[in-house]
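Reader: I am new to this structure and would like to be walked through it. Could we begin with the overall picture and then turn to single residues?

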Amino acid sequence: MWLGACTSSIGTWMQILAQSWLVYQLTNSSAYLGLDAFFGQIPIFLFSLFGGVFADRKSRRSLLLLSQVIQLTCAFLLAILVKTNVVQVWHIWCLSFTVGLAQSFGGPAYSALIPTLVKKEDLQNAIALNSIQFNLARVLGPALGGVALVKLGAFWCFALNGVSYLAVIASLLAIRPTFVPAKTQQSVIESMREGIDFLRKREGMASLVALAFFTALLSFPLITFLPVMARTVLHGGANIFTLLLCLSGVGSVTGALIVAGSAAKGGQARFSLMVMLLLGALIAAFGFSKNVLASSVLVFGCGALLMIVFALNSSLVQAYVGDSMRGRVMSVYNVAFRGGMPLGSVVCGFLIKESSASTIMIGNGVLVILLATYFLLIQKKLAKL
């Protein structure tokens with residue numbers, strides 16, 4: 001699963017790099033770039049709760065296979081549109097939405113499947129190792145994608161992404177999951193409500209969900225608008241954008257390695273909030289920076305700290321839920337986490353149009369600091385986990 005997912009993720013990040021640059025090249029608009037991220041993420045916000053119910057009722061492997069086939073098809077369709085020189089921004093938006101819809105059912109199934117492959121005491125390490133494969137791909141994918149984009153063109157980035165899905169499909173066919181979904185007479189809505197009630201009644205869980213939403217809302221625009229920062233602030237081209245995206249991925253791998261190498265212990269939530277304080281400071285500093293070297297160091301640090309925060313918070317949620325509820329609970333958490341991304345992208349996209357990318361990054365960094373301070377000093381239930 002690790003090797004298959006890593007290969008597929010490398011292809012995905014090749015496409016993300018080429019698609020972001022293509023949208024910005026076609027439109028020269030930060031707002032349109034933000035809308036592309038919005039259309040890719042909003043289906044996850046709208047439909048992941050349904051995906052979570054199906055992940056607890058159906059074969060998680062079958063749901064993942066269907067999701068991968070749909071995403072493979074979309075990658076090849078975009079490659080064809082680019083190759084025939086008919087691609088328009090609305091084509092990209094439609095395909096982004098379709099991929100997001102597939103991920104809204106595949107995501108909860110994947111989140112619920114991974115913990116069933118390891119023992120409970122290895123859960124935090126497994127989640128961190130899963131983050132490593134994803135973020136290792138964030139290094140290799142943009143690096144390979146940058147070379148392919150410059151030397152071969154966007155078509156090859158999209159075509160190679162389509163091929164990469166075959167690796168994860170092969171790994172899904174090879175594994176033998178042990179989870180057997182229980183038969184139930186509950187309606188989909190009742191099952192969904194049961195998952196929400198679990199989070200609402202368990203102390204600190206609602207705060208973790210809220211924290212996931214607001215952290216994603218404020219932190220991920222840093223990655224979404226790297227093309228804008230590279231061009232308008234650092235006065236570079238695709239090479240500077242690729243460098244920053246790769247360094248963000250290297251930082252994330254570093255952060256995930258730190259979590260993977262540590263033992264699960266008490267006080268994780270408080271430590272995560274302390275890391276958030278530093279994260280906010282680095283995001284703000286990135287907004288102030290006009291130097292490529294300084295920006296490179298800062299984006300590396302942001303990637304590492306952001307990964308530590310999300311790996312710790314995700315392992316906390318997973319530790320408090322049983323396997324029969326895992327799909328629904330993780331779908332609620334993923335709705336919050338993934339829902340914050342498109343909202344932050346589209347809002348920041350329009351705000352950047354009215355002000356500047358630097359100003360918005362500084363503002364987001366300050367708000368991350370205030371968010372962490374609130375949960376440390378005022379809403380203290382979370383810090384006790």
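This is a predicted model: local features need pLDDT of at least 70, side-chain atom pairs count only at pLDDT 80 or more; totals for chains, interfaces and linings use all residues.

Reader: What share of the residues is buried?

Author: Of the 385 residues, 60% count as buried. Buried means under 20% relative accessible area, exposed means over 50%, and partly exposed lies in between, with a 1.4 Å probe and protein chains only.

Reader: And what is the accessible surface of the protein?

Author: It comes to about 15900 Å², and 69% of that belongs to carbon and sulfur atoms. The areas come from the Shrake-Rupley method with a 1.4 Å probe; for residues, only the protein chains shown count as cover.

Reader: Which residues make a nonpolar surface patch?

Author: Trp2, Leu3 and Leu129 make one of about 310 Å². Like charges are joined within 9 Å, and nonpolar side chains (Val, Leu, Ile, Met, Phe, Trp, Tyr) within 5 Å. Leu129 belongs to helix H5, residues 123–151, and is partly exposed at a relative accessible area of 41%.

Reader: What about contacts in the protein between residues 24 or more positions apart?

Author: They account for 88% of the contacts with a separation of 6 or more. A contact means heavy atoms within 4.5 Å.

Reader: Let us change topic. Which residue has a positive phi although it is not a glycine?

Author: Asn85 is one of them, with a phi of about 60 degrees. Asn85 sits in the loop between helix H3 (60–83) and helix H4 (89–113). Its relative accessibility is 70%, so Asn85 counts as exposed.
His235 also has a positive phi, of about 55 degrees, and is not a glycine either.

Reader: Where does His235 lie?

Author: His235 is in the loop between helix H10 (226–233) and helix H11 (238–260). With a relative accessible area of 67%, His235 is exposed. His235 and Lys290 are 55 residues apart in sequence, and their C-alpha atoms are 9.1 Å apart in space.

Reader: What does Asp36 touch?

Author: Not counting residues up to four places away in sequence, Asp36 touches Gln19, Val23, Ile92, Trp93 and Ser96. The side chains of Asp36 and Gln19 are joined by a polar contact of 3.1 Å. Such a contact is a pair of N or O atoms within 3.5 Å; within protein, one must be able to donate a hydrogen and the other to accept it, and residues adjacent in sequence count only if both atoms are side-chain atoms. Asp36 and Gln19 are 17 residues apart in sequence and 9.0 Å apart from C-alpha to C-alpha.

Reader: Finally, how many aromatic pairs are there?

Author: Rings of Phe, Tyr and Trp (its six-membered ring) pair if their centres lie within 6.5 Å; planes under 30 degrees apart count as stacked, over 60 as edge-to-face and the rest as tilted. By this rule the count is 9 aromatic pairs. Among them, Phe38 and Phe39 are edge-to-face, at 5.7 Å centre to centre and 70 degrees between the planes. Phe38 is partly exposed at 21% relative accessibility, and Phe39 is partly exposed at 24%.

Reader: Why is the pair of Phe220 and Phe310 tilted?

Author: The planes of Phe220 and Phe310 are at 45 degrees, with ring centres 5.9 Å apart, so the pair is tilted.

Key
Residues are numbered from 1 along each chain as its sequence is written. Side-chain values use heavy atoms; hydrogens and water are left out. Patches are made of residues with over 30% relative accessible area and no salt bridge: like charges are joined within 9 Å, nonpolar side chains (Val, Leu, Ile, Met, Phe, Trp, Tyr) within 5 Å. A salt bridge is a side-chain nitrogen of Lys or Arg within 4 Å of a carboxyl oxygen of Asp or Glu. Helices (H or I, at least four residues) and strands (E, at least two) are DSSP runs, numbered from the N terminus.
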